[in-house]
Amino acid sequence: MRRLFIILLVLTLILGSAGTVLADSHEGEYGGTLIYAQGADADALDPHMTTLGNSADIIVNVFDGLVRFKAGTTEIEPALATDWKISDDGLEYVFQLREGVKFHDGTPFNAEAVVFDIERQLDSDHPYYLEGSYPYAGFSLGMIEEVTAVDEYTVKFILENPYAPFIKNLAMFATMIVSPEAVKEYGEDIFKNPVGTGAFKFVEWVRDDHITVEANEDYWDGRPYLDELIFTVIPNNQTRLLELEDGNIHLMEGLNPTDIKRVRANEELELLEAPGLNVGYIALHNEKKPFDNKQVRKAMNYAINKEEIAEYLMGGQATVAKGPLPPTIWSYDDSLEGYPYDPDEAKRLLAEAGYEDGFEFTLRTYSAPRSYNPVGARLATAVQQYLSQVGIKANIEQLEWGTYIEEGKAGKHTAAFFGWIADNGDPDNFLNVFFNSANRGSTNRAFYVNEKVDQLLEAAQQITDEAKREEIYQEVQQIIVDDAPFVFLNHMKMQIPIRKNVENYVLYPTNNKYFHKVWLAQ
(Lines give C-alpha, C1' and ligand atoms only; values in the text may rest on other atoms or scores of the structure.)
Protein backbone atom coordinates (compact mmCIF):
# COMPACT_ATOMS: atom_id res chain seq x y z
CA MET A 1 0.00 0.00 0.00
CA ARG A 2 2.79 2.42 0.97
CA ARG A 3 4.81 1.54 -2.16
CA LEU A 4 1.80 2.40 -4.34
CA PHE A 5 1.35 5.64 -2.42
CA ILE A 6 4.99 6.63 -2.97
CA ILE A 7 4.76 5.80 -6.70
CA LEU A 8 1.70 8.05 -7.00
CA LEU A 9 3.53 10.82 -5.16
CA VAL A 10 6.55 10.57 -7.45
CA LEU A 11 4.26 10.79 -10.50
CA THR A 12 2.58 13.81 -8.95
CA LEU A 13 5.97 15.45 -8.46
CA ILE A 14 6.96 14.79 -12.07
CA LEU A 15 3.69 16.07 -13.46
CA GLY A 16 3.74 19.03 -11.09
CA SER A 17 7.27 19.95 -12.16
CA ALA A 18 6.31 19.80 -15.82
CA GLY A 19 3.69 22.47 -15.24
CA THR A 20 5.82 24.72 -13.04
CA VAL A 21 5.56 28.43 -13.68
CA LEU A 22 8.70 30.35 -12.77
CA ALA A 23 7.91 33.31 -10.55
CA ASP A 24 10.10 36.34 -10.01
CA SER A 25 13.53 34.80 -9.40
CA HIS A 26 13.81 36.76 -6.16
CA GLU A 27 10.62 35.19 -4.83
CA GLY A 28 10.25 31.53 -5.72
CA GLU A 29 8.94 28.88 -8.06
CA TYR A 30 5.32 27.81 -8.22
CA GLY A 31 4.27 24.18 -8.48
CA GLY A 32 5.03 20.71 -7.21
CA THR A 33 4.23 18.60 -4.17
CA LEU A 34 6.23 18.69 -0.96
CA ILE A 35 6.19 15.70 1.39
CA TYR A 36 6.94 16.08 5.10
CA ALA A 37 7.36 12.87 7.12
CA GLN A 38 6.13 12.67 10.71
CA GLY A 39 6.74 9.93 13.24
CA ALA A 40 3.08 9.72 14.27
CA ASP A 41 -0.31 10.71 12.91
CA ALA A 42 -2.36 13.72 13.92
CA ASP A 43 -5.15 13.16 16.43
CA ALA A 44 -7.41 16.09 15.48
CA LEU A 45 -7.33 18.87 12.88
CA ASP A 46 -9.55 21.32 14.73
CA PRO A 47 -7.13 23.85 16.32
CA HIS A 48 -9.05 23.81 19.58
CA MET A 49 -9.22 20.04 20.05
CA THR A 50 -5.57 18.96 20.26
CA THR A 51 -2.31 19.51 22.11
CA LEU A 52 -0.33 17.34 19.70
CA GLY A 53 2.52 18.85 17.66
CA ASN A 54 1.85 16.54 14.73
CA SER A 55 -1.66 17.97 14.52
CA ALA A 56 -0.45 21.55 14.96
CA ASP A 57 1.92 21.21 12.00
CA ILE A 58 -1.06 20.69 9.70
CA ILE A 59 -3.29 23.20 11.50
CA VAL A 60 -0.93 26.19 11.06
CA ASN A 61 -1.04 25.68 7.30
CA VAL A 62 -4.84 25.34 7.06
CA PHE A 63 -5.89 28.03 9.55
CA ASP A 64 -5.00 31.60 10.53
CA GLY A 65 -5.25 33.48 13.80
CA LEU A 66 -6.02 37.13 14.38
CA VAL A 67 -2.26 37.64 14.68
CA ARG A 68 0.74 35.46 13.84
CA PHE A 69 4.42 35.05 14.60
CA LYS A 70 6.94 36.74 12.34
CA ALA A 71 8.94 34.12 10.46
CA GLY A 72 11.44 32.39 12.72
CA THR A 73 10.46 34.34 15.87
CA THR A 74 7.80 34.71 18.55
CA GLU A 75 7.29 38.39 17.67
CA ILE A 76 3.73 39.34 16.73
CA GLU A 77 2.49 40.72 13.40
CA PRO A 78 -1.01 41.17 11.87
CA ALA A 79 -2.84 38.25 10.27
CA LEU A 80 -6.65 38.10 10.15
CA ALA A 81 -6.60 41.28 12.21
CA THR A 82 -4.86 44.25 10.62
CA ASP A 83 -4.72 46.44 13.71
CA TRP A 84 -5.68 46.46 17.39
CA LYS A 85 -5.96 48.78 20.36
CA ILE A 86 -5.58 47.96 24.05
CA SER A 87 -7.23 50.02 26.79
CA ASP A 88 -5.05 51.66 29.44
CA ASP A 89 -6.29 49.25 32.10
CA GLY A 90 -5.43 46.23 29.93
CA LEU A 91 -8.97 44.89 30.03
CA GLU A 92 -10.26 45.78 26.55
CA TYR A 93 -8.81 44.69 23.21
CA VAL A 94 -10.40 45.94 19.99
CA PHE A 95 -9.31 44.31 16.72
CA GLN A 96 -9.89 45.63 13.23
CA LEU A 97 -10.32 42.62 10.94
CA ARG A 98 -9.05 42.05 7.43
CA GLU A 99 -11.83 42.57 4.91
CA GLY A 100 -12.69 40.31 1.98
CA VAL A 101 -11.25 37.11 3.47
CA LYS A 102 -13.20 33.88 3.03
CA PHE A 103 -13.02 30.50 4.68
CA HIS A 104 -12.21 27.55 2.43
CA ASP A 105 -15.92 26.68 2.26
CA GLY A 106 -16.62 30.08 0.67
CA THR A 107 -18.26 31.65 3.72
CA PRO A 108 -17.08 35.10 4.86
CA PHE A 109 -14.61 35.70 7.66
CA ASN A 110 -15.90 38.50 9.87
CA ALA A 111 -16.42 39.56 13.48
CA GLU A 112 -19.39 37.22 13.95
CA ALA A 113 -17.20 34.29 12.91
CA VAL A 114 -14.63 35.22 15.56
CA VAL A 115 -17.31 35.52 18.25
CA PHE A 116 -18.82 32.15 17.28
CA ASP A 117 -15.44 30.42 17.37
CA ILE A 118 -14.43 31.84 20.76
CA GLU A 119 -17.80 31.21 22.40
CA ARG A 120 -18.04 27.60 21.24
CA GLN A 121 -14.92 26.93 23.30
CA LEU A 122 -15.84 28.89 26.43
CA ASP A 123 -19.62 28.90 26.73
CA SER A 124 -21.04 25.57 27.88
CA ASP A 125 -24.48 26.76 26.75
CA HIS A 126 -23.30 27.35 23.18
CA PRO A 127 -25.12 24.94 20.82
CA TYR A 128 -21.79 23.65 19.43
CA TYR A 129 -19.85 23.43 22.69
CA LEU A 130 -18.33 19.96 23.20
CA GLU A 131 -17.64 19.12 26.84
CA GLY A 132 -14.00 18.24 27.54
CA SER A 133 -12.86 18.83 23.95
CA TYR A 134 -10.84 22.06 24.23
CA PRO A 135 -7.61 21.42 26.19
CA TYR A 136 -6.09 24.87 25.51
CA ALA A 137 -9.20 26.97 26.04
CA GLY A 138 -8.81 27.45 29.78
CA PHE A 139 -5.31 28.87 29.77
CA SER A 140 -5.28 30.51 26.32
CA LEU A 141 -8.74 32.13 26.32
CA GLY A 142 -10.17 31.57 29.80
CA MET A 143 -9.44 35.14 30.87
CA ILE A 144 -12.04 36.44 28.37
CA GLU A 145 -15.17 37.77 30.05
CA GLU A 146 -16.94 38.79 26.86
CA VAL A 147 -16.35 38.87 23.12
CA THR A 148 -18.60 40.94 20.87
CA ALA A 149 -18.91 41.97 17.22
CA VAL A 150 -18.83 45.77 17.23
CA ASP A 151 -19.54 45.78 13.49
CA GLU A 152 -18.82 43.46 10.57
CA TYR A 153 -15.05 43.87 10.77
CA THR A 154 -14.47 44.95 14.37
CA VAL A 155 -14.36 42.57 17.33
CA LYS A 156 -13.95 43.48 20.99
CA PHE A 157 -12.60 41.33 23.81
CA ILE A 158 -13.19 42.25 27.44
CA LEU A 159 -10.96 40.40 29.91
CA GLU A 160 -11.76 39.52 33.50
CA ASN A 161 -8.26 40.61 34.53
CA PRO A 162 -5.29 42.14 32.76
CA TYR A 163 -3.43 39.30 31.07
CA ALA A 164 0.05 40.07 29.73
CA PRO A 165 0.41 37.15 27.26
CA PHE A 166 -3.03 37.64 25.67
CA ILE A 167 -1.86 38.91 22.26
CA LYS A 168 0.72 36.15 21.99
CA ASN A 169 -1.92 33.59 22.90
CA LEU A 170 -3.90 34.71 19.86
CA ALA A 171 -0.98 33.72 17.59
CA MET A 172 -0.91 30.13 18.86
CA PHE A 173 -2.19 27.30 16.70
CA ALA A 174 -4.83 26.55 19.34
CA THR A 175 -6.58 29.92 18.88
CA MET A 176 -6.77 29.94 15.08
CA ILE A 177 -10.23 30.59 13.67
CA VAL A 178 -12.52 27.81 12.39
CA SER A 179 -15.39 28.34 9.94
CA PRO A 180 -18.68 28.55 11.89
CA GLU A 181 -20.59 27.02 8.98
CA ALA A 182 -18.21 24.05 8.95
CA VAL A 183 -18.77 23.57 12.69
CA LYS A 184 -22.52 23.57 12.09
CA GLU A 185 -22.20 21.15 9.17
CA TYR A 186 -19.85 18.61 10.75
CA GLY A 187 -20.71 18.90 14.45
CA GLU A 188 -18.60 16.48 16.49
CA ASP A 189 -16.76 15.43 13.31
CA ILE A 190 -15.26 18.90 12.81
CA PHE A 191 -11.95 17.52 14.14
CA LYS A 192 -11.48 15.55 10.90
CA ASN A 193 -12.96 18.12 8.51
CA PRO A 194 -10.83 21.26 8.96
CA VAL A 195 -12.02 24.48 7.32
CA GLY A 196 -9.97 27.61 7.90
CA THR A 197 -8.74 30.65 5.97
CA GLY A 198 -5.13 29.46 5.69
CA ALA A 199 -2.63 29.07 2.85
CA PHE A 200 -3.64 25.45 2.23
CA LYS A 201 -7.04 23.73 1.95
CA PHE A 202 -7.73 20.29 3.38
CA VAL A 203 -8.08 17.45 0.84
CA GLU A 204 -7.97 14.10 2.67
CA TRP A 205 -6.87 12.24 5.77
CA VAL A 206 -5.97 8.55 5.48
CA ARG A 207 -5.44 7.47 9.06
CA ASP A 208 -1.90 6.47 10.03
CA ASP A 209 -0.75 7.07 6.44
CA HIS A 210 -1.04 10.65 5.21
CA ILE A 211 -2.85 13.98 5.24
CA THR A 212 -3.03 15.99 2.01
CA VAL A 213 -3.68 19.72 1.64
CA GLU A 214 -3.63 21.86 -1.52
CA ALA A 215 -2.85 25.48 -2.32
CA ASN A 216 -5.48 28.06 -1.47
CA GLU A 217 -5.53 30.01 -4.74
CA ASP A 218 -7.27 32.96 -3.06
CA TYR A 219 -5.17 33.21 0.08
CA TRP A 220 -5.19 36.76 1.44
CA ASP A 221 -1.40 36.75 1.86
CA GLY A 222 -0.68 35.41 -1.63
CA ARG A 223 -0.99 31.94 -3.11
CA PRO A 224 1.56 29.49 -1.66
CA TYR A 225 4.27 28.39 -4.06
CA LEU A 226 3.53 24.69 -3.58
CA ASP A 227 0.56 23.13 -5.35
CA GLU A 228 0.24 20.42 -2.75
CA LEU A 229 1.56 19.52 0.67
CA ILE A 230 1.50 15.98 2.09
CA PHE A 231 2.14 15.01 5.70
CA THR A 232 3.02 11.32 5.61
CA VAL A 233 3.42 9.02 8.61
CA ILE A 234 6.58 6.91 8.88
CA PRO A 235 6.97 5.74 12.50
CA ASN A 236 10.56 4.50 12.36
CA ASN A 237 13.37 7.09 12.40
CA GLN A 238 15.69 5.00 10.24
CA THR A 239 13.03 4.27 7.64
CA ARG A 240 12.15 7.95 7.52
CA LEU A 241 15.77 8.90 6.92
CA LEU A 242 16.12 6.32 4.13
CA GLU A 243 13.07 7.82 2.42
CA LEU A 244 14.66 11.26 2.71
CA GLU A 245 17.95 10.05 1.26
CA ASP A 246 16.12 8.38 -1.64
CA GLY A 247 14.24 11.59 -2.42
CA ASN A 248 10.79 10.16 -1.65
CA ILE A 249 10.22 12.81 1.04
CA HIS A 250 11.59 16.34 1.39
CA LEU A 251 12.00 16.85 5.13
CA MET A 252 11.34 14.93 8.33
CA GLU A 253 11.13 14.99 12.09
CA GLY A 254 12.76 12.64 14.57
CA LEU A 255 16.39 12.24 13.55
CA ASN A 256 18.35 9.72 15.61
CA PRO A 257 21.31 11.53 17.20
CA THR A 258 23.58 8.80 15.83
CA ASP A 259 22.54 9.79 12.28
CA ILE A 260 23.55 13.46 12.49
CA LYS A 261 26.96 12.88 10.86
CA ARG A 262 25.28 10.81 8.15
CA VAL A 263 22.98 13.70 7.25
CA ARG A 264 25.78 16.26 7.28
CA ALA A 265 27.87 14.06 4.99
CA ASN A 266 25.12 13.78 2.37
CA GLU A 267 25.56 16.41 -0.35
CA GLU A 268 21.83 16.33 -1.16
CA LEU A 269 20.76 17.03 2.43
CA GLU A 270 21.04 19.85 4.92
CA LEU A 271 20.52 19.80 8.68
CA LEU A 272 18.65 22.85 9.96
CA GLU A 273 19.38 23.50 13.63
CA ALA A 274 18.37 25.98 16.33
CA PRO A 275 18.11 26.05 20.13
CA GLY A 276 14.85 24.53 21.29
CA LEU A 277 12.11 26.16 23.37
CA ASN A 278 11.10 22.81 24.85
CA VAL A 279 11.38 20.51 27.82
CA GLY A 280 11.17 16.75 28.26
CA TYR A 281 10.10 15.41 31.64
CA ILE A 282 8.58 12.56 33.61
CA ALA A 283 5.30 13.58 35.24
CA LEU A 284 5.11 12.05 38.73
CA HIS A 285 1.47 11.84 39.80
CA ASN A 286 1.59 13.92 42.98
CA GLU A 287 -1.70 12.51 44.28
CA LYS A 288 -0.63 8.84 44.05
CA LYS A 289 1.76 6.87 46.24
CA PRO A 290 4.71 6.93 46.40
CA PHE A 291 4.91 10.23 44.49
CA ASP A 292 2.68 12.07 46.94
CA ASN A 293 5.90 12.24 48.99
CA LYS A 294 8.26 15.08 48.01
CA GLN A 295 11.31 13.20 49.24
CA VAL A 296 10.54 10.34 46.85
CA ARG A 297 10.12 12.76 43.95
CA LYS A 298 13.48 14.34 44.75
CA ALA A 299 15.06 10.90 44.97
CA MET A 300 13.78 10.12 41.48
CA ASN A 301 15.51 13.23 40.18
CA TYR A 302 18.83 12.42 41.84
CA ALA A 303 18.72 8.78 40.73
CA ILE A 304 18.78 9.48 36.97
CA ASN A 305 22.00 10.45 35.23
CA LYS A 306 20.61 13.17 32.97
CA GLU A 307 24.07 14.34 31.92
CA GLU A 308 24.87 10.88 30.55
CA ILE A 309 21.50 10.67 28.79
CA ALA A 310 22.06 14.06 27.15
CA GLU A 311 25.58 13.22 26.05
CA TYR A 312 25.24 9.65 24.86
CA LEU A 313 21.58 8.75 24.28
CA MET A 314 20.77 12.19 22.82
CA GLY A 315 24.12 12.45 21.04
CA GLY A 316 25.12 15.68 22.74
CA GLN A 317 22.13 17.47 21.20
CA ALA A 318 20.33 18.01 24.52
CA THR A 319 20.84 20.37 27.45
CA VAL A 320 20.19 18.98 30.92
CA ALA A 321 17.07 20.48 32.47
CA LYS A 322 17.56 22.11 35.86
CA GLY A 323 13.90 23.05 36.07
CA PRO A 324 10.77 23.50 33.96
CA LEU A 325 11.94 26.35 31.69
CA PRO A 326 14.44 26.05 28.83
CA PRO A 327 17.48 28.36 29.15
CA THR A 328 16.51 29.97 25.82
CA ILE A 329 13.40 31.69 27.26
CA TRP A 330 13.36 34.97 29.14
CA SER A 331 12.99 34.71 32.95
CA TYR A 332 14.98 31.45 33.06
CA ASP A 333 16.65 31.29 36.47
CA ASP A 334 20.31 30.52 35.85
CA SER A 335 20.93 30.13 39.60
CA LEU A 336 18.97 26.88 39.73
CA GLU A 337 21.12 23.92 40.72
CA GLY A 338 18.57 21.33 39.65
CA TYR A 339 19.25 17.70 40.53
CA PRO A 340 22.71 16.44 39.52
CA TYR A 341 23.26 12.70 39.40
CA ASP A 342 23.71 11.53 43.00
CA PRO A 343 22.52 7.95 43.66
CA ASP A 344 23.70 8.08 47.27
CA GLU A 345 21.52 11.12 47.94
CA ALA A 346 18.64 9.34 46.20
CA LYS A 347 19.03 6.35 48.55
CA ARG A 348 19.21 8.64 51.58
CA LEU A 349 16.00 10.42 50.61
CA LEU A 350 14.23 7.12 49.94
CA ALA A 351 15.18 5.85 53.40
CA GLU A 352 14.03 9.13 54.96
CA ALA A 353 10.68 8.71 53.21
CA GLY A 354 10.29 5.13 54.48
CA TYR A 355 11.36 3.39 51.28
CA GLU A 356 14.81 2.17 52.31
CA ASP A 357 14.18 -1.03 50.32
CA GLY A 358 12.95 0.92 47.31
CA PHE A 359 9.58 0.42 45.62
CA GLU A 360 7.96 -0.80 42.42
CA PHE A 361 5.83 1.24 40.03
CA THR A 362 4.62 1.41 36.42
CA LEU A 363 6.45 3.84 34.16
CA ARG A 364 4.45 4.73 31.06
CA THR A 365 6.03 5.66 27.75
CA TYR A 366 5.29 6.15 24.06
CA SER A 367 7.16 4.61 21.13
CA ALA A 368 7.16 7.30 18.43
CA PRO A 369 9.88 9.96 18.54
CA ARG A 370 9.04 13.46 19.73
CA SER A 371 10.99 16.62 19.00
CA TYR A 372 11.89 16.78 22.71
CA ASN A 373 12.74 13.04 22.69
CA PRO A 374 14.06 11.76 19.35
CA VAL A 375 14.80 8.27 20.73
CA GLY A 376 11.26 7.39 21.81
CA ALA A 377 10.91 4.42 24.17
CA ARG A 378 14.68 3.96 24.46
CA LEU A 379 14.64 6.84 26.94
CA ALA A 380 12.39 4.83 29.25
CA THR A 381 14.78 1.89 29.16
CA ALA A 382 17.69 4.12 30.15
CA VAL A 383 15.71 5.64 33.03
CA GLN A 384 14.65 2.15 34.16
CA GLN A 385 18.31 1.09 34.45
CA TYR A 386 19.33 4.11 36.52
CA LEU A 387 16.40 3.67 38.90
CA SER A 388 17.23 0.00 39.44
CA GLN A 389 20.61 1.05 40.86
CA VAL A 390 18.91 2.74 43.83
CA GLY A 391 16.39 -0.06 44.44
CA ILE A 392 13.48 1.36 42.42
CA LYS A 393 11.86 -1.12 40.04
CA ALA A 394 10.16 0.60 37.08
CA ASN A 395 7.92 -1.64 34.99
CA ILE A 396 7.70 -0.05 31.56
CA GLU A 397 4.26 0.12 29.95
CA GLN A 398 4.11 1.34 26.36
CA LEU A 399 0.83 2.68 24.97
CA GLU A 400 -0.44 3.82 21.57
CA TRP A 401 -0.10 7.62 21.36
CA GLY A 402 -3.79 8.56 21.28
CA THR A 403 -4.57 6.37 24.29
CA TYR A 404 -1.43 7.60 26.01
CA ILE A 405 -2.48 11.25 25.81
CA GLU A 406 -6.10 10.63 26.80
CA GLU A 407 -5.13 8.56 29.83
CA GLY A 408 -2.50 11.15 30.72
CA LYS A 409 -5.16 13.85 30.86
CA ALA A 410 -7.32 11.54 32.98
CA GLY A 411 -4.44 10.93 35.38
CA LYS A 412 -4.41 7.16 34.94
CA HIS A 413 -0.62 7.04 35.10
CA THR A 414 1.58 6.85 38.16
CA ALA A 415 4.53 8.24 36.24
CA ALA A 416 4.78 8.98 32.51
CA PHE A 417 7.03 10.67 29.96
CA PHE A 418 5.79 13.92 28.48
CA GLY A 419 7.22 17.05 26.92
CA TRP A 420 6.26 20.53 25.82
CA ILE A 421 7.25 22.98 23.10
CA ALA A 422 6.64 26.70 23.52
CA ASP A 423 3.43 27.90 21.88
CA ASN A 424 4.19 31.60 22.16
CA GLY A 425 7.59 32.24 23.74
CA ASP A 426 6.14 33.42 27.06
CA PRO A 427 7.10 31.69 30.36
CA ASP A 428 3.42 31.58 31.28
CA ASN A 429 3.02 29.04 28.48
CA PHE A 430 5.21 26.63 30.46
CA LEU A 431 4.65 27.50 34.11
CA ASN A 432 0.92 28.13 34.04
CA VAL A 433 0.30 25.21 31.70
CA PHE A 434 2.21 22.71 33.85
CA PHE A 435 1.68 23.86 37.40
CA ASN A 436 -1.55 25.81 37.79
CA SER A 437 -3.83 23.53 39.78
CA ALA A 438 -6.74 24.61 37.54
CA ASN A 439 -5.09 22.70 34.68
CA ARG A 440 -5.18 19.30 36.37
CA GLY A 441 -6.89 16.93 34.00
CA SER A 442 -5.64 18.80 30.93
CA THR A 443 -1.99 19.93 30.83
CA ASN A 444 -1.01 19.64 34.50
CA ARG A 445 -0.04 15.96 34.11
CA ALA A 446 1.64 15.79 37.53
CA PHE A 447 -1.66 16.80 39.20
CA TYR A 448 0.44 19.27 41.14
CA VAL A 449 -1.16 21.68 43.62
CA ASN A 450 0.58 24.54 45.38
CA GLU A 451 -1.60 27.51 46.35
CA LYS A 452 1.34 29.92 46.49
CA VAL A 453 2.37 28.93 42.95
CA ASP A 454 -1.21 29.52 41.76
CA GLN A 455 -1.21 32.98 43.34
CA LEU A 456 2.16 33.94 41.90
CA LEU A 457 1.23 32.77 38.41
CA GLU A 458 -1.99 34.77 38.51
CA ALA A 459 -0.11 37.86 39.70
CA ALA A 460 2.46 37.56 36.88
CA GLN A 461 -0.27 37.35 34.26
CA GLN A 462 -1.68 40.70 35.35
CA ILE A 463 1.60 42.65 35.16
CA THR A 464 2.83 44.15 31.91
CA ASP A 465 6.27 45.10 33.28
CA GLU A 466 8.49 42.28 32.03
CA ALA A 467 11.15 42.81 34.73
CA LYS A 468 8.54 42.39 37.49
CA ARG A 469 7.10 39.33 35.79
CA GLU A 470 10.61 37.88 35.59
CA GLU A 471 11.07 38.26 39.36
CA ILE A 472 7.86 36.36 39.99
CA TYR A 473 8.68 33.60 37.50
CA GLN A 474 12.10 33.07 39.05
CA GLU A 475 10.49 32.69 42.47
CA VAL A 476 8.04 30.19 40.96
CA GLN A 477 10.89 28.18 39.44
CA GLN A 478 12.62 27.90 42.83
CA ILE A 479 9.45 26.59 44.48
CA ILE A 480 8.71 24.12 41.71
CA VAL A 481 12.22 22.70 41.59
CA ASP A 482 12.09 22.19 45.36
CA ASP A 483 8.68 20.49 45.11
CA ALA A 484 9.96 18.27 42.25
CA PRO A 485 6.60 17.41 40.68
CA PHE A 486 8.54 16.25 37.60
CA VAL A 487 11.74 14.49 36.86
CA PHE A 488 13.26 17.34 34.84
CA LEU A 489 15.11 15.67 31.96
CA ASN A 490 16.33 17.78 29.04
CA HIS A 491 15.87 20.48 26.43
CA MET A 492 16.48 19.27 22.86
CA LYS A 493 18.01 21.26 20.06
CA MET A 494 15.63 21.68 17.09
CA GLN A 495 16.89 19.63 14.15
CA ILE A 496 15.20 19.18 10.78
CA PRO A 497 16.93 17.16 8.02
CA ILE A 498 15.86 18.58 4.68
CA ARG A 499 16.65 18.09 1.00
CA LYS A 500 18.60 20.97 -0.51
CA ASN A 501 16.02 21.60 -3.24
CA VAL A 502 13.58 22.81 -0.56
CA GLU A 503 13.88 26.59 -0.52
CA ASN A 504 12.96 29.21 2.07
CA TYR A 505 11.98 26.80 4.85
CA VAL A 506 12.33 28.58 8.22
CA LEU A 507 12.59 27.05 11.70
CA TYR A 508 10.18 28.59 14.21
CA PRO A 509 10.89 28.56 17.98
CA THR A 510 7.46 26.96 18.46
CA ASN A 511 8.65 24.11 16.18
CA ASN A 512 5.48 24.38 14.06
CA LYS A 513 6.04 23.70 10.35
CA TYR A 514 4.94 26.60 8.12
CA PHE A 515 5.00 26.01 4.35
CA HIS A 516 3.29 29.08 2.89
CA LYS A 517 6.52 30.65 1.59
CA VAL A 518 8.38 27.40 0.80
CA TRP A 519 9.09 26.23 -2.76
CA LEU A 520 10.88 23.39 -4.54
CA ALA A 521 13.84 24.39 -6.70
CA GLN A 522 13.72 22.72 -10.11
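A residue is taken as buried when its relative accessible area is under 20%, and in this predicted model strand β15 (residues 278–284) is mostly covered by that criterion, with 7 of its 7 residues buried. Asn278, Gly280, Ile282 and Leu284 point one way from β15, whereas Val279, Tyr281 and Ala283 point the other way, and burial extends to all of these residues. Strand β15 runs antiparallel to β19, to which 7 bridges join it, and within this pairing Tyr281 stands opposite Phe418 of β19. A further antiparallel arrangement links β15 to strand β20 (residues 486–492) through 4 bridges, with Ile282 placed opposite Val487 in β20.

The largest cavity has a volume of about 400 Å³ and is lined by 28 residues, of which Thr51, Leu52, Gly53, Tyr372 and Ile421 lie nearest its centre. Two or more residues of this lining are contributed by each of α2 (53–62), α13 (401–409) and β19 (415–421). By residue class, the lining of the largest cavity divides into 13 nonpolar, 9 polar and 6 charged residues.

For the second largest cavity, the computed volume is about 190 Å³, and among the 17 residues that line this cavity, Gly254, Ser371, Lys493, Met494 and Gln495 are the closest to its centre. Strand β21 (residues 494–499) supplies the largest share of the lining of the second largest cavity, namely 3 residues, while the lining as a whole comprises 8 nonpolar, 5 polar and 4 charged residues.

Technical notes. Residues numbered from 1 in each chain as written. Predicted model: local features only at pLDDT ≥ 70, side-chain atom pairs only at ≥ 80, totals over all residues. Heavy atoms only, no water. 1 Å grid on protein atoms, 1.4 Å probe; cavity = no way out; pocket = protein on both sides within 12 Å on 5 of 7 lines; lining within 4 Å. Points joined across faces, edges and corners; volume = space filled by probe spheres on them. Nonpolar A, V, L, I, M, F, W, Y, C, P; charged D, E, K, R; others polar. Buried < 20%, exposed > 50% of the residue type's maximum accessible area, 1.4 Å probe, protein only. Pairing = 2+ DSSP bridges.
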